[in-house]
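Visitor: I would like to learn how to read a structure feature by feature. Where do we begin?

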Amino acid sequence: MHKPSSVASILVLLILLSTTLTHMSLATGIGYHQSEEADPSKWIKWARDAWSYYDPGTGVDPNTGILRASYRWAFLTDWDLGGYIIAIIKAELMGILPRDGEWGADDRIEKILRFLETRPISPYGIPYHIYTSTDGQPSGKAVTNVSDSGRLLIALAMLKKYRPDLAERIDAIVRRNNYELLANRTDAWRTTAGFYKYYVAQGFKLFGLDKSWPVQMALREFDNIVNGPHVDVYGVSLPKTLVTSEPLLHMIFEFDVDDKYLDYVKRVYEAQERRYRNAGKYTAWSEGNTGLQDITYVYQWIVMPSGETWKITPKNVIPIIFTKAAFGFHALYNTDYTRQLVDYLVRKNEERKNILPYLFFLPRKGFIEGIDENGRIVAELVDKTQVMIIEAAYYTLKKKVLESTDVMLDISSTSIMPGETIQLKFTYLDPTPLKHTCKYDVKIADPANSYTIQYSFDAACDITLDWAPQKDGIYHVTVRVIADYVLFNKTITKFFNVEVGNISITKEARIVDIVYPNQVYSGEEFNIETSIWYNLGIELTPLTIIIRDKSTGDIIAQANPVNVIGKGTITFTIMINASDREGVLSLVLVPAYYNGSGWLELENAAVEIKILITGSQQIEGTVTVAKTIIKREITHATVTRYITVNRTATFTITETLTEHSIMADLMPIAVIICSLSLLIIVILAFVASRRRPVGQSIIDTKILDGD
């Protein structure tokens, strides 16, 4: 074995590994810059504009109450009907649509249910594929498919949650339409694939139709996608299956998905943003209308099962920036790119409302289907686009609820005495207009006096209760709020303390462990690790450790404060930079806590440590600095005085100068000589190895390219 060659090989391997890891990071690391926080009022406006499509006479037939799949096509499928049900539910929960009255949510749902209960169905016992909006009759003899049925079943399951009183009617509709037949037909499930297949299978599962083998296989589709072959799309790894935005967005907006699914949705988004970054063309691919005569509807596939990317079927057209995909991804990620996309589409949608010829054949309602990459307005008003925008708005508000809601306690008196009746006002803070009711559970306890009382309230989200404490003490108030938003819940548990009468609180802390080096070199950075036991009462209190120079009494370091409560032990680590002078460093470590106006130093709990600062090297051998663990325990600690500490990032210690060692000056020269000698030896060994014949190995690499 030739050492120089081995060293060189190792260096080459390290370089290659580093390059590979960097490439992997660029290829699979999906990062993006998040834009400003989503504005709920803006989303509500967009949702209102989208909902206006469903005004009677525009997107809904005023006689039957059944929607039109598009403004210029007075027909619908079960997919469209499912979307309409979801739009009604979420529009009402956002306050866009009234619950009662003619054309309110209840009235619209009743019209839909009557249609489903009475519509003609095929001789096979399943619905027809297309129905006419004006009379509810079938259009042609073709029967429905699993995709449209799955979408409707998802909507009906959501309707059962929204209106539990309709559960029996909904179950009867599902039995009448014989979706069990579709669930068991293997050939029926060959009409869908990929993310679409996985999504619509959820609808069958929600009604207990997942016992059939075809549905069970469809529910495994996502695992097959994850474990199957992938293709690189602008540095993003995407599966070789039918990939487009629509089913992915509906899945997130309508179900609680896991992190693995979220990861794939993010990949699909990232591939589209990277196409924009590379090609300079806005990209929001989905399925939808084209506004053309020769091909009216297309599917824009980011990936095909063959591995082909950016493919449009059944016929190639100029790629369309679909409005629904842009809004959907904006709700999910709220990035600079999605903001630009949405702003562009909103601006174009407003322009078409005021220019010819759109004024003659399109109402000033809803959102257009999109814009193609040449700037052509796809002048179609389609129900699927409006549904997606309404769902995106609801999802954004739901995120806001889950992230920002809170419960506050306001007490009617600032000075409370035993026997005095006071009011405790609890306020549920929600920055969104989403409709909700609340259930409160409030517990007030004083463990010292064995006192506990509990309250429970339903429906009201802001409550006030009267309470009269019995004795002096600190009362612990625990409040648990379950806010019911119909389609999801938010639970908040908070703790408050109420002081009654005269209270005496003893606070203490002591150092129980110190880990530090007993010897360091001059100029060396080293750490002091200190564990503190504390008993600081029931209020959240900042705790720290202060380090003083014993000789001067100056504060030279302070650990970053940590908020603690009650009893416990916490460890602090402080980095210190030793001075360039040799000598014995004496330090005093003192616990301290903050009481609101200043730091209280527990001087009786102080511990002294000593550290030897030496030169950088000894004459013979290598110096190993010993690390010593010193355990100290203080049995009592009291508050002695207030102190003020200015925090800094690095601390330099100066100690008494001792006799300087001449070896400290000679050591740098010795190090240089040794280094040069080693370098010469390596060069000579490398030259010697080059003179010997080296065998050559040939590695054949076979690249397999599968579909």
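Visitor: Is Pro98 buried, partly exposed or exposed?

Guide: First, a caution: this is a predicted model. For exposure, look at relative accessible area: under 20% is buried and over 50% is exposed. Pro98 has a relative accessible area of 49%, so Pro98 is partly exposed. Pro98 sits in the loop between α3 (78-93) and α4 (105-118).

Visitor: How far apart are the C-alpha atoms of Pro98 and Ile88?

Guide: Their C-alpha atoms are separated by 9.8 Å. Along the chain, the two are ten residues apart.

Visitor: Which residues make the nonpolar surface patch of about 360 Å²?

Guide: Leu356, Leu359 and Phe360 make that patch. Take Phe360, in helix α15 (residues 358-361). Its relative accessible area is 69%, so Phe360 counts as exposed.

Visitor: Next, sheets. What is the strand order in the open sheet of four strands?

Guide: The order is β14-β13-β16-β17, and the pairing is antiparallel. β14 (451-459) and β17 (489-500) are the edge strands. Each has a single partner strand, so one side of each lacks a neighbour in the sheet. From one strand to the next, the twist averages 10°.

Visitor: How many bridges join β16 and β17?

Guide: Twelve bridges, in the antiparallel sense, pair β17 with β16 (residues 473-484). Within this part of the sheet, Asp484 stands opposite Asn489 in β17.

Visitor: On to charges. How many salt bridges does the structure hold?

Guide: There are 36 salt bridges in the structure. For each one, ask where the partners lie and how exposed they are. Start with Asp49 and Lys45, whose side chains meet at 3.1 Å, N to O. Both belong to helix α2 (residues 40-51). They are four residues apart, about one turn of the helix.

Visitor: Are Asp49 and Lys45 buried or partly exposed?

Guide: Asp49 is at 19% relative accessibility, so Asp49 counts as buried. Lys45 is at 48%, so Lys45 counts as partly exposed.

Visitor: Which residues are linked with Arg163 and Asp165 in a network of salt bridges?

Guide: Arg99 and Asp106 are linked with them in that network. Within it, the side chains of Asp165 and Arg163 meet at 2.8 Å, N to O. Asp165 has 54% relative accessibility and counts as exposed. Arg163 has 12% and counts as buried.

Visitor: What separates the partners Glu373 and Lys281?

Guide: Their closest N and O atoms are 3.9 Å apart, and the two form a salt bridge. Glu373 lies in the loop between β9 (368-372) and β10 (377-381). Lys281 lies in the loop between α12 (259-279) and β5 (287-289). The pair therefore ties together parts that are 92 residues apart in sequence.

Visitor: What are the relative accessibilities of Glu373 and Lys281?

Guide: Glu373 is at 22% and counts as partly exposed. Lys281 is at 40% and is partly exposed.

Notes:
Residues numbered from 1 in each chain as written. Predicted model: local features only at pLDDT ≥ 70, side-chain atom pairs only at ≥ 80, totals over all residues. Heavy atoms only, no water. Pairing = 2+ DSSP bridges. Helix = DSSP H or I, 4+ residues; strand = E, 2+ residues; numbered from the N terminus. Axes fitted to C-alpha atoms, helices over the stretch in contact; angles between N-to-C directions. Patch = residues over 30% accessible without salt bridge, like charges linked within 9 Å, V, L, I, M, F, W, Y side chains within 5 Å. Areas by Shrake-Rupley, 256 points an atom, 1.4 Å probe, with all protein chains shown as cover. Salt bridge = Lys/Arg side-chain N within 4 Å of Asp/Glu carboxyl O. Buried < 20%, exposed > 50% of the residue type's maximum accessible area, 1.4 Å probe, protein only.
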